[in-house]
Amino acid sequence: MRTTVAIAALLTAGLTPLTLTSPASAATAKHFDDFNGDGYRDLAAPYMYSGVSDGTLDFKGGAVLVTFGGPAGLTTRTQLVHQGSAGVPGAGEDNDQFGAELASADLNGDGYADLVVGNPSEESGTTPVGSVTLLWGSSKGLSGGTSLPRRNDGSSFGEHLATGDFNGDGKADIAAISGGDAYLYRGGFTKAGGLGAVTRFRKDATWFSNGLAAGKVTGDGKTDLVVLGMHATDTLNRTEAWFLKGATGGLTAGPSKVIDSKRSNQQLNAAIGDFDKNGYGDIAIGYPDESSGRGTVTLWYGTSAGPGSKSAKIGQATSGVVGAAEPNDGFGSALSAGDTDGDGYADLAVGVPGEAVGTKEYAGGAHLFRGGSGGLSGARSVTIDKTLTGVAGGTVAHDMLGSDVRIRDLSRDGKAELTVLVPGENTARVLPGAKGGVTGLGSYIVKGVNGLPE
């Protein structure tokens with residue numbers, strides 16, 4: 001979206017205080033992304049005009065746009081939050097990336113979901129070290145913030161974030177990467193800066209962490225963590241996924257899955273869902289750079305002890321998947337898991353932002369792999385792009401639709417919606433869940449976003 005009328009509408013909406021009549025209860029928020037406590041899930045996303053001051057909004061260095069939910073899904077009510085907002089620590093600077101990484105949970109157990117905001121290029125003096133800010137939910141949305149302390153002298157704190165109850169004590173915890181190490185910050189958190197113990201996780205001296213995914217794999221009720229990274233050896237570098245099991249003491253080290261044994265520092269991403277409905281979460285690992293950028297997703301199926309010996313690989317060359325695997329497609333650039341058709345099996349959305357649609361290069365697309373007996377397969381996959389009936393807008397080269405994807409039940413009908421980012425126009429498409437997957441009929445546009453939280 002590049003029209004000044006739409007920009008003005010978003011800016012005005014971001015500045016308008018919200019008066020909401022449904023207060024949250026004292027219990028922990030039902031949804032980890034319900035920031036105003038009204039019972040509906042909201043969407044927090046990096047704001048598309050981050051770093052711009054137009055004379056009305058005096059901010060720079062990044063911002064977060066919250067779009068509030070309602071009975072039919074996302075609404076037109078929005079809120080814009082940045083480091084110039086009242087009560088938010090720090091000051092926006094030209095090189096900042098406030099909102100580049102987002103995660104959410106009810107951190108202080110007050111019934112309102114809170115937002116964890118990464119700013120990986122925040123400077124200390126002239127040194128970029130990164131920062132993480134906790135923005136607190138309230139009946140009016142996000143209000144005020146607290147800084148999460150760094151625990152090392154490394155860089156890019158907040159580059160990757162995840163939340164969950166990793167030790168099973170009923171309090172939300174935060175996992176964060178800083179300087180190539182993963183850290184677990186245990187709750188409870190307070191607005192005054194209180195938190196529990198902090199623990200560093202490094203596989204060995206040659207391990208470098210560069211990604212996180214949280215979810216329940218073992219079925220014991222505790223959240224587990226997958227740390228993505230690079231493991232250097234004497235003769236080669238390996239790109240791996242490392243499983244850390246939730247435990248009373250925090251997290252315990254588990255097995256690793258080698259994704260590429262020869263190329264170092266390849267960026268992976270992951271999502272967790274029970275694709276075969278056996279009670280154990282399965283790990284999907286996206287490797288968009290594989291095979292000259294054609295990309296694949298590795299499926300690492302779960303057991304009561306964690307991910308086991310069963311694994312598989314899917315891509316656009318998988319039988320039943322529509323389309324051809326081509327260089328720079330980037331299959332697996334983004335992943336999200338959830339039940340879009342209400343059958344109890346988790347489904348997997350896979351972004352393919354480099355996909356050509358007809359003659360339109362990098363128009364982008366996505367695939368939805370529906371869960372079922374035995375797990376995911378190409379036979380239960382659906383292709384999604386702007387040619388899908390009901391999806392607004394024409395196919396445009398370099399839209400890169402599918403650069404980010406997110407599955408969440410926004411309308412509370414038991415069938416999760418699929419939100420697909422379209423960065424070429426700074427929008428996202430929200431597709432309703434339906435029997436057989438998602439449908440373009442009834443889909444709508446969310447304007448002003450340039451990223452989606454997992």
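This is a predicted model: local features need pLDDT of at least 70, side-chain atom pairs count only at pLDDT 80 or more; totals for chains, interfaces and linings use all residues.
**Side-chain contacts in the model**

Phe-157 belongs to the loop between β9 (141–148) and β10 (161–164), whereas Tyr-185 belongs to strand β12 (residues 181–185), so the contact ties together parts that are 28 residues apart in sequence. Tyr-185 is likewise buried, at a relative accessible area of 0%.

Another pair is formed by Trp-207 and Trp-242, whose ring centres are 5.7 Å apart and whose planes stand at 75 degrees, so this pair is edge-to-face. It links distant parts of the chain, with Trp-207 in strand β14 and Trp-242 in strand β16, 35 residues apart. Trp-207 counts as buried at 4% relative accessibility, and Trp-242 is buried with a relative accessible area of 5%.

Let me turn now to the charged side chains, where the count comes to 13 salt bridges. In one of them, the side chains of Arg-77 and Asp-38 meet at 3.8 Å, N to O. Since Arg-77 lies in strand β3 (residues 73–82) and Asp-38 in the loop between α1 (4–15) and β1 (43–46), the pair ties together parts that are 39 residues apart in sequence. Arg-77 counts as partly exposed, at 28% relative accessibility, while Asp-38 is buried, with a relative accessible area of 18%. Why is Asp-38 called buried? The answer is that its 18% falls under the 20% cut-off for that class.

A further salt bridge joins Asp-220 and Lys-245, at 3.1 Å from N to O. Here Asp-220 sits in the loop between β14 (207–215) and β15 (224–232), and Lys-245 in strand β16 (residues 237–247), so parts that are 25 residues apart in sequence are tied together. Asp-220, at 34% relative accessibility, counts as partly exposed, and Lys-245 is partly exposed, with a relative accessible area of 25%.

Arg-238 forms a salt bridge with Glu-240, with the closest N and O atoms 2.8 Å apart; Arg-238 is partly exposed, at 23%, but Glu-240 is buried, at 1%. Elsewhere, Lys-386, Asp-399, Glu-425 and Arg-429 are linked in a network of salt bridges.

Finally, the charged end of Arg-41 sits over the ring of Phe-32, 4.8 Å from its centre, and that of Lys-310 sits over the ring of Tyr-301, 4.3 Å from its centre.

Technical notes:
Residues are numbered from 1 along each chain as its sequence is written. Side-chain values use heavy atoms; hydrogens and water are left out. A salt bridge is a side-chain nitrogen of Lys or Arg within 4 Å of a carboxyl oxygen of Asp or Glu. Helices (H or I, at least four residues) and strands (E, at least two) are DSSP runs, numbered from the N terminus. Buried means under 20% relative accessible area, exposed over 50%, partly exposed in between (1.4 Å probe, protein chains only). Rings of Phe, Tyr and Trp (its six-membered ring) pair if their centres lie within 6.5 Å; planes under 30 degrees apart count as stacked, over 60 as edge-to-face and the rest as tilted. A charge sits over a ring if NZ of Lys or CZ of Arg is within 6 Å of the ring centre and within 35 degrees of the ring normal.
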